[in-house]
Amino acid sequence: VQLQASGGGLVQPGGSLRLSCAASESIFTFYAMGWFRQAPGKQREFVASITRTGIIHYADSVKGRFTISSDNAKNTVHLRMDNLKPEDTGVYYCAAGWPPTLTSPEYDFWGQGTLVTVSS
């Protein structure tokens, strides 16, 4: 299984980005897909997840600003990020699999990460 993350970049505070995670096989193969991020010097943290049945979870820090969605026909999961803040800066990773807990990093497959920098 391969996961290809894309869409990162440099954006000013208050701006928006849309990340995409393309899977090499049907996303219905997995129980859930998720996004995590890692800021410099910090541990990887949960951002958002979506299950094959459409159940969605967000970290409290991104609720109301980020939206996760899936395009099943294209085997892709998106993360729309609005009203970005400097503290959203980090490498964003997509993940897929059968985690025991959706917010834990115990997913089975990981993408290579895409860098998001929020700065003026």
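Q: Where is the place of Gly113?
A: Strands are DSSP runs of E with at least two residues, numbered from the N terminus. Gly113 sits in the loop between β10 (109-110) and β11. Keep in mind that this is a predicted model, where local features need pLDDT of at least 70, side-chain atom pairs count only at pLDDT 80 or more, and totals for chains, interfaces and linings use all residues. Residues are numbered from 1 along each chain as its sequence is written, and side-chain values use heavy atoms, with hydrogens and water left out.

Q: Is Gly113 buried or exposed?
A: Buried means under 20% relative accessible area, exposed over 50%, and partly exposed in between, using a 1.4 Å probe and protein chains only. Gly113 has a relative accessible area of 15%, so it is buried.

Q: Which residues is Gly113 in contact with, leaving aside its neighbours within four places in sequence?
A: Contact means heavy atoms within 4.5 Å. With those neighbours set aside, Gly113 touches Ala5, Val91, Tyr92 and Tyr93.

Q: And where does Thr114 lie?
A: Thr114 belongs to strand β11 (residues 114-118). Thr114 counts as buried because its relative accessibility is 10%. Leaving aside neighbours within four places in sequence, its contacts include Ala5, Gly8, Leu19 and Val91.

Q: What is the order of the strands in the open sheet?
A: Two strands pair if DSSP finds at least two bridges between them. Here four strands form an open sheet in the order β1-β3-β8-β7, with antiparallel pairing. The edge strands, β1 (3-6) and β7 (66-71), each pair on one side only.

Q: How many bridges join β7 to β8?
A: Six bridges link β7 to the antiparallel strand β8 (residues 76-81). One example is Ile68, whose bridge partner in β8 is Leu79.
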